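Here is a short report for someone meeting this structure for the first time. Please look over the sequence and the model, then read on.

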Amino acid sequence: KVNNYDVVVVGAGGAGFSAAITAKNAGANVVLLEKMPAVGGNSLISGAEMNVAKNWVQPKLGINDDSPELHAQDTFKGGDKKGDMKVINVMTHNALDAAKWCKDYIGVNFEPDNLFFFGGHSRKRALIPEGHTGTEFISKFMHKAEELGIPVITNMKMVDLIKNAEGRVVGVKAEMNGQEYTFNAKGGVVLATGGFGANAQMVKKYNPKIDERFKTTDAPGSTGEALYMAEKAGAQLVNMGYIQTYPICDPISGVIELIADARFDGALMLNQDAKRFVEELDRRDVLSHAILKQPGGYCWVLWNDNIGKISNTVKTHTNEYEAFTKQGIMKTCEDLKCIADFTKMPYDQLVKTIDRVNTMTGKGNDKDFNHRSGLMDMSQGKYYVIKAVPSTHHTMGGIRINEKAQALTADGKVIPGLWAAGEVTGVTHGTNRLGGNAYTDIIVFGRIAGQAAAQAAK
Ligand code: ADP
């Protein structure tokens, strides 16, 4: 079956929706293909915080000295200077416009007075969607796509890119229920197929250190086959070995424990000996490797109401609270004795650790691990504890793109008709993606790719 469009967008996550909606508004006849039965990809299950320097919440919190330049520097440094500064600058300088588009045009609701502070950032700058997950974005994107009459075809898997005799990408081959479909694209194809974190073999192939011990936080569609199709079409794959693990995940399913985000407000990470072993706000890769070095390769995240009244995660993530408690990896206690009984951490050492923390509260006072935002007083309950392990989370590598989201060959030439946006690309985050940068990346470059592909159809 042959279908003709101006623009074909592959992958219905945040990048794909941003591209398709933008292409449509630029006058293109566009289709969005998704191989899974449901849309959303990793974008749906993400915490979906979005880093935006100079956003509208910062002044309310007294933050008036942030800038896209600073955000770019944090991103570059956070990725060990392996990212492409030209591409990073495009991301950070278009972040505010992208966020306003989400808020004012797509209808995404953000918390009006609250921002998220991820590790590696020099300013608090991440906008928080209502509900603290990607559901807020994806449901509003889906609604907008319907309103605009964009066909979103699920269960439709891209299996190849089509090139013409001149080397231009002019469409995709896809499959649904064993039947083959052709989607011709007059302007071009936008690849927004996400990463490969759910493909354990591919992860191990590119980074043998990340082996069977790691589960994944990712949506099941993050299997990366589209990367090979892009490679076959001439695109260079770069930074493929840089695979981010998320440190705090469910030891059984691998999913992120959003409830343990109390860590950002002072929750401690303890090993089975009831000892701290790392600065809790260090980078994800540092935390992940530190956890794997502890006895059993896991840790306990512990906080109390003093921290909880700020982070509020137990109330925000009631589903997790009930599920993890029932599953037997989480416990709420009035006192530390109960925590020690549940976790089997030695009670004496636990008391010693907490007593020491209580003498080092406040910014600049943590003599052991130099906690950057300051330890919190933990002398009073209730206490909350959850067991956690690292999982693969984000694949930093992927298709090499330029500032215009065009796919590039190994010698830096543009592949005509092929754009890529989001986790499928490989030059923004270097060795390590900072928290809150995925959403900025996918919206900014999704819009750029969609706009350009629509333009090319004219
Ligand atoms: P991003 O954050 O970059 O938008 P997501 O993981 O949110 O990435 O979305 C990528 C989407 O692409 C997922 O829903 C995934 O199922 C889909 N996808 C991946 N490979 C293919 C493919 N070969 N054909 C169609 N859809 C795909």
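## Contacts to the ligand

A backbone N or O atom of Glu-423 sits 2.8 Å from an oxygen atom of the ligand. The protein buries 97% of the 580 Å² that the ligand exposes when taken alone. Such accessible areas come from the Shrake-Rupley method with a 1.4 Å probe; for residues, only the protein chains shown count as cover.

Met-158 also uses its backbone: one of its N or O atoms lies 2.9 Å from a nitrogen atom of the ligand. Ser-43 uses its side chain, where an N or O atom is 2.6 Å from an oxygen atom of the ligand.

## How to read the model

This is a predicted model, in which local features need pLDDT of at least 70, side-chain atom pairs count only at pLDDT 80 or more, and totals for chains, interfaces and linings use all residues. Residues are numbered from 1 along each chain as its sequence is written, and side-chain values use heavy atoms, with hydrogens and water left out.

## The shell around the ligand

Helices (H or I, at least four residues) and strands (E, at least two) are DSSP runs, numbered from the N terminus.

## Helix packing

Helix H3 (residues 68-78) and helix H4 (residues 85-93) have axes that come within 9 Å and cross at roughly 135°. That makes H3 oblique to H4. Axes are lines fitted to C-alpha atoms, for helices over the stretch in contact, and angles run from 0 to 180 degrees between N-to-C directions. Angles under 35 degrees count as roughly parallel, over 145 as roughly antiparallel, 65 to 115 as roughly perpendicular and the rest as oblique.

Helix H5 (residues 95-106) packs against helix H6 (residues 135-148) at about 60°, with axes 11 Å apart. H5 and H6 are therefore oblique to each other. The axes of H1 and H5 come within 13 Å and cross at roughly 70°. H1 and H5 are therefore roughly perpendicular.

## Backbone exceptions

Most residues other than glycine have a negative phi, and most peptide bonds are trans. Ala-48 is not a glycine, yet its phi is positive, about 65°. Ala-48 lies in the loop between H2 and strand E3 (50-51).

The peptide bond from Gly-381 to Lys-382 is cis, with omega near -5°. Lys-382 belongs to the loop between helix H14 (347-359) and strand E16 (383-395).

Key: A polar contact is a pair of N or O atoms within 3.5 Å; within protein, one must be able to donate a hydrogen and the other to accept it, and residues adjacent in sequence count only if both atoms are side-chain atoms.
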